[in-house]
Amino acid sequence: MLFLLILLLGLLAQFFLPWWSIALVCFGLAIWKAQYGRHAFLSGFLAIGLTWLGGALFWHLATDGVLSNRVATMMTVNSAWILVAVTTFLGAMVGGVSALSGYLVRRLWE
Amino acid sequence: MKWIKALVSVALTLMAVYGLNRTYGIIPALGPFLSPYEGFWRNSEREGEFQSEELVLEGLQAPVQVRFDSLRVPHIFAQNDHDLYLAQGYLTARDRLWQMEFMTHAAAGRLSELIGDQMLEMDRYQRRMGMVTSAKRSLQKMMSDPQTRNAMQAYTAGVNAYIDQLSPQDYPFEYKLLHYAPERWSPLKIALLLKMLTNDMTGYSDDLRMTNNLRKYGAETMKDLFPNYPFREEPIMVAGAQPKFKPVPIPPTPAEFMAGAALHSLERQKPENLGSNNWAVAGARTASGYPLLASDPHLGLTLPSIWHAVQLHAPGINTYGVMIPGAPGVGIGFNEHIAWGMTNVGADVLDWYEIKFKDNTRQQYWHNQRWKPVRRVVEKIKVKGGKDIVDTVLYTHHGPVAYLPHEKPFRSGNTPTGHALRWIAHDNQNELKTLFLINRATNYPQFRQALVTWAAPAFNFVYADTLNIAIVSNGLYPLKWPGQGKFLLDGTNPAHDWQGWIPMNQVPMTLNPARGFVSSANQSPVNPKDYPYYLGSTFAGYERSARINQRLTAMNQVTPDSFRVLQTDNYSFVPKNILPTLLGLIEQNNLSGTQKKAFQALANWNYRFEANQLAPYLFEEWTQRLAKAIFFDEFPPETQKAPSRDRLVQMLLQEPNAPWYDNVNTPQKETLPQLVNTTFKHVADSLYTKDAKGQWGNARNSTIKHMAQLPGFGQKLFAGGSANSINALNGSHGPSWRMVVQMGPQVQAWGVYPGGQSGNPGSRFYDQLLNDWQAGKLHQLLFLKSVQDQPATTSITWTLKKN
């Protein structure tokens with residue numbers, strides 16, 4: 001449930017708000033719905049990771065990597081696929097820790 | 001425990017968000033940069049994404065139609081000048097916003113703002129050269145003319161209309177990478193771009209190195225090694241073709257024309273070859289019976305491309321061509337009646353004056369037997385991630401004192417300390433007005449009249465209409481005594497000041513010369529025997545122009561394709577002139593097997609710098625090594641200027657016993673044959689040890705780089721040509737726009753440039769013309785007569801509507 005909520009609301013937020021809105025979404029939804037620490041972290045991690053993976057994959061594939069290959073060379077990671085992975089991981093980590101923070105903050109009142 | 005866990009976790013989250021939201025030196029802010037919803041991913045352009053649309057554009061007075069052709073060149077149809085330039089500003093910004101802004105930041109000395117303190121010395125240099133001050137003055141001139149003011153304001157409004165509709169996720173790629181936001185455009189930025197052009201073309205001098213030479217070797221040797229007119233030359237204006245006029249009095253040469261200054265250290269030399277070509281052939285010699293014109297300006301090649309192509313159509317104007325992104329109008333191009341192109345003249349329009357300050361407070365300086373006040377201008381340089389830097393520039397009547405005696409200049413190659421700069425960039429006419437009028441000119445008198453407001457950089461303007469061809473070496477030239485400014489000048493002596501200007505109607509020019517063609521390749525505009533004024537003494541060598549003239553003389557029934565072939569001609573007169581002599585000096589009996597092979601390759605060479613050949617590589621390596629062996633002992637490049645290639649050729653051919661062959665650093669006496677043999681063997685031996693480099697196209701290591709030198713955003717080039725071939729590709733310097741125009745009732749034109757219309761590295765149109773350019777292909781340029789003219793290749797139409 002938490003995973004789905006983050007996925008939907010996170011995705012929606014990112015279409016209109018700066019990238020760091022994912023942290024607010026995860027934090028807020030985890031306060032509301034997280035059952036335990038690992039549940040919060042994994043939901044944030046996977047849901048945001050999925051949105052970033054989906055976005056990166058879409059642009060990479062739909063444009064034959066015209067830009068992602070260049071950026072990969074610039075960042076000396078050699079392959080645009082590594083860039084897709086790095087992007088996914090970065091979004092996932094921010095999603096994970098912010099969701100975990102939400103859960104841990106809620107516990108202060110329990 | 002609960003509290004600690006929560007605190008640690010929240011702190012970690014905040015740190016992650018904050019840490020990912022800022023840049024670290026060259027590392028971008030990874031959060032916003034990598035986010036697929038606002039980061040660089042969004043700049044990837046899908047095929048088919050570019051489609052017809054209708055959009056509302058703030059500030060329009062009437063609707064504007066834009067038709068895009070297959071190269072994505074916009075053909076703008078407006079109902080008045082204001083809307084025309086507004087639409088051009090908007091469309092150029094859509095393609096090239098970052099490039100436009102980056103160039104103006106570089107010109108204004110504001111790169112530290114974007115990149116950080118590693119750009120500080122460069123910024124300081126730009127400001128001390130007076131770039132912003134002179135751009136502001138230039139702006140005043142342009143704003144005082146209603147036509148150029150209207151064009152600049154409308155163009156600016158167009159750029160800003162684009163900026164205003166951008167949200168961060170739409171920012172061009174480079175903004176996301178460097179993590180900043182676009183700044184609003186202004187007419188001052190247009191002035192800065194034009195100053196940047198002047199800087200590129202005229203912003204160097206060898207006065208300091210030449211002065212060091214003069215001190216070391218004396219006036220007689222300098223006259224011999226650095227003559228005012230070269231040994232071999234084919235000037236742009238043939239003898240007798242220059243119209244007669246009554247010259248104004250030329251200032252007398254002062255007895256002592258060298259400022260007594262301390263020795264300075266130097267590192268950069270003036271590039272001998274800028275490499276641009278242009279020519280036009282009269283209708284009598286063309287297949288169509290109408291004149292043909294070609295132009296290929298050579299510049300440092302970059303991506304995004306230097307030029308943006310456009311067709312501008314409104315009442316009174318229908319012109320097609322290319323322009324530096326960020327300024328209104330067309331720079332090089334054609335309309336229904338005339339065609340024109342430019343090459344750099346390279347006259348001496350930048351001089352340095354030694355300043356005698358009264359004392360260390362530097363409030364006053366000595367000039368014309370009295371103390372005069374120094375004006376101080378404070379420059380504030382913002383630095384990314386640091387404190388603002390305040391810099392004070394001292395101004396004399398000559399110009400800014402770029403660096404004080406105790407300071408270490410940036411680009412010290414052409415920057416003496418303690419000297420004031422007198423530079424044509426500080427004098428202003430309205431160059432934009434020239435372009436405005438040329439774009440609308442229908443005949444030669446109108447074209448000629450338009451040139452009157454063009455000050456700098458001086459260009460060889462080639463011209464053709466259906467009946468005439470012409471070339472005008474046009475610009476604002478200081479009225480100098482012969483040789484003035486070859487060396488550092490004395491800032492206290494008023495006889496050393498610039499004392500007026502060559503009248504604009506007396507610049508070198510030719511209209512319909514008897515030989516049936518006009519041409520220029522940066523060589524001397526005119527033989528001093530045929531022209532009363534001194535323009536300078538370091539024009540490009542004659543080799544490219546000789547080849548152009550040789551080919552044009554031989555051609556009959558000239559077609560646009562003959563011009564295309566000529567523009568990509570890789571032949572060079574340099575080996576033709578010296579290789580037989582050099583090979584004759586080689587002791588063939590003493591050669592090893594590989595050395596013999598190298599000898600044979602050179603002996604059989606046809607003097608064409610083809611990409612897949614070995615000989616051009618051998619020749620270049622060898623002659624460069626030889627030139628260094630001859631001159632670097634007497635003229636170390638850190639402090640001295642070595643004689644030109646032309647003078648070296650003369651020496652090799654005619655002065656076998658010149659003293660300069662001896663290496664002064666060795667006890668024995670070297671001779672020319674010795675140097676020729678040792679350098680040849682060295683090059684031949686080293687060649688066969690690095691096998692892959694055998695092909696000229698690879699060996700020269702040419703690249704086209706992104707303007708900010710981002711790895712992965714440029715491309716390695718494999719192409720023929722040489723600095724002294726018509727196809728003058730040299731390092732990353734080369735033909736930035738090749739254009740051929742056939743005049744007649746229906747003007748037809750062809751062109752190509754290394755890159756594409758889009759400045760977005762995520763677009764196919766970023767560099768899609770690069771391979772055609774390397775292969776020497778041209779594309780027919782679609783020139784529409786009217787908005788009703790709707791061929792299938794312009795199926796994408798944008799309608800810009802007023803609010």
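User: What makes the meeting of Arg70(A) and Asp767(B) a salt bridge?

Analyst: This is a predicted model, and in it the two side chains come to 2.8 Å, N to O. The cut-off is a Lys or Arg side-chain nitrogen within 4 Å of a carboxyl oxygen of Asp or Glu. Arg70(A) brings the nitrogen and Asp767(B) the oxygen at 2.8 Å, so the pair qualifies.

User: How many salt bridges are there between chain B and chain A?

Analyst: The count between these two chains is 1. Over all chains, the structure holds 28.

User: What else is there between chain B and chain A, in polar contacts and in residues?

Analyst: There are 10 residue pairs in polar contact, with both residues at pLDDT 80 or more. On the chain B side, the elements giving two or more residues are α1 (2–20), α2 (30–34) and α8 (173–178). The most comes from α1(B), with 10 residues. Sorted by class, that side of chain B has 22 nonpolar, 11 polar and 7 charged residues.

User: How much area is buried between the two chains, and which residues of chain B lose the most?

Analyst: About 3,600 Å² is buried, with carbon and sulfur atoms giving 73% of that. In chain B, the residues losing the most area to chain A are Lys2(B), Tyr37(B) and Trp41(B), together 21% of what that side buries.

User: Why is Thr63(A) called buried?

Analyst: Its relative accessible area is 7%. Buried means under 20%, so Thr63(A) gets the label. Thr63(A) sits in the loop between α3 (37–62) and α4 (68–74) of chain A. Setting aside neighbours within four places in sequence, Thr63(A) is in contact with Ser44(B), Glu45(B) and Arg46(B).

User: And Asp64(A): buried or exposed?

Analyst: Asp64(A) is in the loop between α3 and α4 of chain A. Its relative accessible area is 65%, and the line for exposed is over 50%, so Asp64(A) is exposed.

User: Which peptide bonds are cis, and what omega do they have?

Analyst: Most peptide bonds are trans. Among the cis ones here is the bond from Leu303(B) to Pro304(B), with omega near -10°. Pro304(B) is in the loop between β7 and β8 (308–314) of chain B. Another cis bond runs from Ala456(B) to Pro457(B), with omega near -5°. Pro457(B) is in the loop between α12 (444–450) and β19 (459–464) of chain B.

User: How do you know that Asp348(B) and Lys480(B) form a salt bridge linking distant parts of the chain?

Analyst: Their side chains meet at 3.4 Å, N to O, and the cut-off is within 4 Å, so the pair counts as a salt bridge. The two residues are 132 residues apart. Asp348(B) is in the loop between β11 (339–344) and β12 (350–354), and Lys480(B) is in the loop between β20 (469–474) and β21 (489–490), both of chain B. With 15% for Asp348(B) and 2% for Lys480(B), each value falls under 20%, so both are buried.

User: Why are β7 and β25 of chain B called edge strands?

Analyst: The open sheet runs β7-β24-β25 in chain B, with mixed pairing. β7 (302–303) and β25 (715–716) each have a single partner strand, so one side of each has no neighbour in the sheet.

User: What makes β24 and β25 of chain B a pair?

Analyst: Pairing needs at least two bridges, and these strands have 2, in the antiparallel sense, so they pair. Ile704(B), for instance, has Gln715(B) as its bridge partner in β25(B).

Note on methods:
Residues numbered from 1 in each chain as written. Chains lettered and ligands numbered in written order. Predicted model: local features only at pLDDT ≥ 70, side-chain atom pairs only at ≥ 80, totals over all residues. Heavy atoms only, no water. Buried area = accessible area lost by both parts, 1.4 Å probe. Polar contact = N/O pair within 3.5 Å; in protein donor to acceptor, adjacent residues only side chain to side chain. Helix = DSSP H or I, 4+ residues; strand = E, 2+ residues; numbered from the N terminus. Nonpolar A, V, L, I, M, F, W, Y, C, P; charged D, E, K, R; others polar. Buried < 20%, exposed > 50% of the residue type's maximum accessible area, 1.4 Å probe, protein only. Contact = heavy atoms within 4.5 Å.
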